[in-house]
Amino acid sequence: MADGSALQKFFDPHTTAKGDKRAWVPMKQLETLWLNTGTLCNIECENCYILSSPKNDDLVYLTQDEAKEYLDEAKTMGTREIGITGGEPFMNPHILGIMDDALSAGFELLVLTNAMRPMMRPRIQEALLAIPQDHRDRLTFRVSMDHYTEEHHDAERGKGSFDLAHQGIKWLAENGFRLAIAGRSIWGESEDEARTGYDGMLKGLGVTLDVTDPKQLVIFAEMREQDDPPEITTECWSILNKSPTDIMCSSSRMVVKRKGADEPVVLACTLLAYDERFEMGRTLAEAKRPVSLNHKWCATFCVLGGSSCS
């Protein structure tokens, strides 16, 4: 893995700062299509990779009709799963229609949420409870809990966030929804320590979750703007004993709509919403092109961190 000057690294899509051949990832199959419902959120986290906040509408609300176009195309491509992310998806006024379209089309549906006030509004709760059981069987809510302690979680998400998220988690569990938790590796503890901590937190809520299952408790590699990871070269695959098909851009894409744009576009990755180098086209067919690992988060989160949003 080549290192180099921070001013030159991750610049050329084909060559690293040291002149090595940069790694690329071909798409093997579009397994997961992510729909970004907009960057507006009810809270503003200390370190949000997509800069969501109550004021940031750089990515505007995706409408039901816009989402449906991509759901239809994904269906023809054999896509298995739809992921919904934001911002906070339950702030989007079209969210219930988008969810219904995805479930009615037969997709597995993964909804990322902070499980706070937007999801807990009576109108939303009523609609979620009305989801038929055959649809619920394909629906998972993944709740963001940055840490299993109130101190660390609220340091990232704001005072009171821990208790409000707990209310949402308990409501989902008590009403029989499939639940997952997303944590972060911020505080230097081992993964075993983190999983033990989350296990205690969930048991305290009366929630049963297999914290040893990385799908039920996802602990993401951390990304910071000041990170300076090594660049990923073609030689890294053998050095790390990994394959390009292990990387999430080999099997997923994300749809966003930028403020002021007439139409949504497809991005290579859920993490890189603002880097236009990773804009892949208007349609999913256009977005099947290989992706250059030409961003530091490709290294930090995906290749070295071994994380995937799906």
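## The sheet

Two strands are said to pair if DSSP finds at least two bridges between them. In this predicted model, nine strands form an open sheet with mixed pairing, in the order β7-β6-β5-β4-β3-β2-β8-β9-β10. The edges are taken by β7 (217–220) and β10 (279–281); each has a single partner strand, so one side of each lacks a neighbour in the sheet. On average, and with direction ignored, neighbouring strands of this sheet are turned by 25° against each other.

Within the sheet, strand β2 (residues 32–36) and strand β3 (residues 81–85) run parallel and are joined by five bridges. L35 stands opposite I84 in β3.

## Helices on the sheet

Helix α7 (residues 161–174) packs on the sheet, where it touches β5 (139–144) and β6 (178–184). The direction of α7 makes about 150° with that of β6. Helix α8 (residues 191–204) also packs on the sheet, in contact with β6 and β7, and its direction makes about 135° with that of β7.

## The nonpolar core

The largest nonpolar core has 98 residues, of which M99, L128 and L271 touch the most other members. When neighbours within four places in sequence are left aside, M99 is in contact with I84, F90, L109, V111, L128, I131, L139 and F141.

## The chain as a whole

The protein chain contains ten helices and eleven strands. Its radius of gyration is 19 Å, close to the 19 Å given by the globule rule for 310 residues, so the chain is as compact as a globular protein of that length. The C-alpha trace spans about 55 × 45 × 35 Å along its principal axes.

Of the 310 residues, 55% count as buried. Among contacts with a separation of 6 or more, 72% are between residues 24 or more positions apart. The chain exposes about 13700 Å², and carbon and sulfur atoms supply 49% of this area.

## Backbone features in loops

G86 and G87 are joined by a cis peptide bond, with omega about 15°. G87 is placed in the loop between β3 and α2 (95–104).

A115 is found in the loop between β4 (108–113) and α3 (117–120), and is buried, with a relative accessible area of 0%. N241 lies in the loop between α9 (236–239) and β8 (252–256), and counts as exposed at 71% relative accessibility.

Definitions and conventions:
Residues are numbered from 1 along each chain as its sequence is written. This is a predicted model: local features need pLDDT of at least 70, side-chain atom pairs count only at pLDDT 80 or more; totals for chains, interfaces and linings use all residues. Side-chain values use heavy atoms; hydrogens and water are left out. Helices (H or I, at least four residues) and strands (E, at least two) are DSSP runs, numbered from the N terminus. Axes are lines fitted to C-alpha atoms, for helices over the stretch in contact, and angles run from 0 to 180 degrees between N-to-C directions. Contact means heavy atoms within 4.5 Å. A nonpolar core is a set of buried Ala, Val, Leu, Ile, Met, Phe, Trp, Tyr and Cys residues joined through side-chain atoms within 4.5 Å. Buried means under 20% relative accessible area, exposed over 50%, partly exposed in between (1.4 Å probe, protein chains only). The radius of gyration is taken over C-alpha atoms; the globule rule is 2.2 Å times the number of residues to the power 0.38. Accessible areas come from the Shrake-Rupley method with a 1.4 Å probe; for residues, only the protein chains shown count as cover.
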